[in-house]
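This report looks at one helix and the interface it takes part in. Please keep the sequence and the structure open while reading.

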Amino acid sequence: MRLALESPYTFVWHDNSGQAMPVNDLQVQSKVDSNGFTLDIPANSKLNYPLIIINSAAASNKLQTIVNVGANTEITLVEYMQSDDSGAQNEMHSIINCAAGAKVKHCILQYAGSDNGITQQATTVFKQQENSEVATNIFAFGGSTSKVDLHVALQGASAHCQAAHLACPIGKEKQEVSFNIEHLHPECTSNSIARSVVKDNAASNFIGKITVHPNACKTFADLQIKNLLCSAKAQANNKPELEIYNDDVKCSHGSSTGQLDQNALFYMRSRGIDLDTATEMLITGFIQPVLNTCEIPEMHEFVNSALAER
Amino acid sequence: MTPLLEVKDLVVTVEDKLIINGLNLTIKPGESHAIMGPNGSGKTTLSNVLARHPDYTVKSGSIRFNGQDILESEPEECAQQGLFLSFQYPVAIPGVSNVTFLKAAVNGVRKAQSKQPYDAVEFLQVVKKKMAELQIDEDFLYRSINEGFSGGEKKRNEILQMLLLEPKLAILDETDSGLDVDALRSVADGVNSFRNSERGILLITHYQRLLDYVTPDIVHVMMDGKLIFTGGKELPHQIEEKGYSWVKEQAE
Amino acid sequence: MSKQPEIDDFVGNSYSAGFSTDIESDSAPPGLNEDTIRLISAKKQEPEFMVEWRLKAYEHWLTIKEPNWAKVQHPPISYQDISYYSAPKQKPKLNSLDEVDPEILRTYEKLGIPLHEQKMLAGVAVDAVFDSVSVATTFKENLAAAGVIFCPISEAVQKYPDLVQQYLGSVVPYTDNYFACLNSAVFTDGSFVFVPKGVRCPMELSTYFRINAMNTGQFERTLIIAEDDSYVSYLEGCSAPMRDENQLHAAVVELVALNNAQIKYSTVQNWYPGDKEGKGGIYNFVTKRGQCRGKNSKISWTQIETGSAITWKYPSCVLMGDNSQGEFYSVALTNNLQQADTGTKMIHIGANTTSTIIAKGIAAGHSSNTFRGLVDTGPRARNSRNFTQCDSLILGDKAAAHTFPNIKAKNQSANIEHEATTSKISEDQLFYCRQRGISEEDAISLIVNGFCKQVFQELPMEFAVEAQKLLEVNLEGAIG
């Protein structure tokens, strides 16, 4: 599926090799080697275009990306995993270093048609220094097995991270998601949400761990997981975990699993809306809060198209 | 006569930010003072500092309550000596019933003043009488402190506590905010019933609404961390008409 | 933080129950082998099936390893250094309190269960276990009239072998886990309760443990069976003297509730927690599980855990019968160097099953307090519902609190809600109380009591009082 987002800073990785787009621009310095890309964005800059990394696999593929965001720099980074071939294993590992005051809007899109034996795995590590802000959205439509591993290390005071994951597995698809948020310094905040709509024989497995280290006082951390089970064989397994070694904190998590509100469905049908439409409307309403956290408008378009296919 | 409250050249910082910048205030027994001022003038900080909130640092100056220096005092010591603060935003404490809390507070103060603590039966009699005066329903006793209370209920709870604890000086911080006319009336009646020739009241507000019902003897205006102007009971109406900028001009 | 001394004082009320009874004990030499097991069985005069069962468990135990996944640390336990049998010297059968060793009766009075008073006023039957042998069983006649059997398990093995054989190990088989397996081999006493069809047990049943002799492990086995349409409420309270050696407590409790039956199991645990340096203290490694076998059956676990050096227990409910209900209410307080890894498992198998979990953890000192939970709704658990609320309060900046829930939904119509929060006592709440003349210590006490209120409300009256005392607030009882 096409990504309706264009930028001169587009880096394509295909069949384990890639090319940096030559841009005569002091803003983004890029290097390519046999493992992947390294991108350096200097301090105190604001990119006019998003950085787009496309990992496009027709066979098994592995990409490593390192992005170094300079102090007080603002960037938008989109990582798109697209797989066409059945049975392919597509892996993407990213390390994004955010210097002090950096602001990063980040998005991972996993797309592989559906239920075709493809496994897509994305491992993303954010290392945030003081006063940096990261907003990351992961939209997982990645084939038979989608694995997402998000690590956030809040390594400086007053850093903030917002993470959101959305998946709608169908058929026999499996979602395996792990969020690992570490508060290492005082006054950091993290807000994580994960929602999934599970149909047919699909399964959603989510582990969300928040660790607050001993000197991370005045921490605020929250994690909310919601699953909608839409069929008899759908499954959702959640493990929200809190490991807290400091008392001056406010940490919370919630996990809620259930089916569509039958009263709401009936209400809509009593107003003449047919069951399928009513169901779609309720599902859309369920997904909307996650979508709203993403401030990259083109992503909404992409997600809505991917959802329409399901 | 020893003043109830004597504040001299008070300077207070919060996280290194200067909030109170050389404030002077004296309240004698029997007097009702009001402090008005725009938002951000430091009024609530002042009320918290007087009640000895641990988060506020007194950089210099002095505070004497009933002739005693209270800068080194703990909040409960001041409370037990007769200083009461009605909070602008009273906090909720889930699982702790109002009756439990009130009895602990009242008996704590009585003990400090060498009075016999109330037993369960006596206390219930005392508290129900005061509740009736403030038109508070009896079921309030068994609800958790301020949990699920409307703004008006919270403020009435504050005044109920004041009537039960019988302090020498009551500091009322924005007591009228969030109250409808009926609630305002019953709160004002409660405050007025409390006034006598030995007690003092400090009303902190930025609207003059409450002052129509509880008429102060002396009115101060606070701006930028100090009291810049002092007047009589007609001052609130003048401020209502002409605004705080007019006051600032008068002060210069 | 200037608050630390107040917090420390509040939580560190001196252990009032620390003393020991000097009674000669008839103890077995330390060590565990087949002979030890045969000795225990012989001392208990057990029928053949019981010895066989114990030996099978022991054989299995030899093949398995101690688990190490819990968030607790301790020096290795030397199982061969423990004496597995200890009985006070006295006649084998006691028909009345007069026959009880007066020294032992004095012990019970000090610990707060005066048998004489209880007989006259509260009407609570007390099965008082001293070391490894039941010393006194009172009120058997009253209960017998109602048809309720309440006796030491060793007596049940002799008198009601069919019942024991039918139910023992059916909820917690000896293969379940390492400590349950050990318990199955060497258990020496515990309670047996059988409530027949349609009977509402006329009084709350209570049992009381003590570990006295040095190096004696305490391995109680409790089995409670509630037949159709019956009800029983059972209280368990523990106390132990100060000793230097760590003492292992690996009990097993099995509950079975048939159609429309209800079992309420309440625990106030105040075992010696070890001293401020973390020396000594009881290891409480307990397996407790209830099966709601019948339709509309209900099992409630309520626990107040304040003692033990290490607590490892997950009182659980297996909700087999349609419409059955499981409940878990818990307050776990840890201080100094205590470690707790506790929680519950709610396994939803039948349709329309519901479970409620309210867990409150309070971590002070240098302690570590972990909640571990499992809610599993199986494919047949249509319309099952769970509500979980686990909250942790951290008092002081050296304590740690952890929450590890595991939520599995395999049924579309299951509805599972889980919430957890971790924080300290809010400054605003503290200041509010102090501004009303309440001292900081009393304010903390009030607020913590409010924090635990939902759980205290589930306890039977006398336990609720003891529980609140344990957390140093008793005002509610006076107001009523």
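How many residue pairs are in polar contact between chain C and chain B, counting pairs with both residues at pLDDT 80 or more? The count is 13. The model is predicted.

## The interface of chains C and B

On one side, 21 residues of chain C make contact; on the other, 38 residues of chain B do. About 2,500 Å² of area is buried between chain C and chain B. Carbon and sulfur atoms give 65% of that area.

The rule finds three salt bridges across the interface. C:Arg434 forms a salt bridge with B:Glu76. Their closest N and O atoms are 2.5 Å apart.

## What chain C supplies

Three helices of chain C, H10, H11 (440-456) and H13 (475-479), each supply at least two residues of the side that touches chain B. H10(C) gives the largest share, seven residues. By type, the residues on this side of chain C divide into ten nonpolar, five polar and six charged.

## Helix H10 of chain C

H10(C) spans residues 427-435. Is this helix largely enclosed or largely open? Seven of its nine residues are buried, so H10(C) is largely enclosed by the rest of the structure. The buried residues are C:Gln429, C:Leu430, C:Phe431, C:Tyr432, C:Cys433, C:Arg434 and C:Gln435.

Just after H10(C) comes C:Gly437, with a positive phi of about 85°.

How values were computed
Residues are numbered from 1 along each chain as its sequence is written. Chains are lettered from A and ligands numbered from 1 in the order in which they are written. This is a predicted model: local features need pLDDT of at least 70, side-chain atom pairs count only at pLDDT 80 or more; totals for chains, interfaces and linings use all residues. Side-chain values use heavy atoms; hydrogens and water are left out. Buried means under 20% relative accessible area, exposed over 50%, partly exposed in between (1.4 Å probe, protein chains only). Helices (H or I, at least four residues) and strands (E, at least two) are DSSP runs, numbered from the N terminus. Contact means heavy atoms within 4.5 Å. Buried area is the accessible area (1.4 Å probe) that two parts lose on being put together, summed over both. A salt bridge is a side-chain nitrogen of Lys or Arg within 4 Å of a carboxyl oxygen of Asp or Glu. A polar contact is a pair of N or O atoms within 3.5 Å; within protein, one must be able to donate a hydrogen and the other to accept it, and residues adjacent in sequence count only if both atoms are side-chain atoms. Ala, Val, Leu, Ile, Met, Phe, Trp, Tyr, Cys and Pro count as nonpolar, Asp, Glu, Lys and Arg as charged, and the others, Gly among them, as polar.
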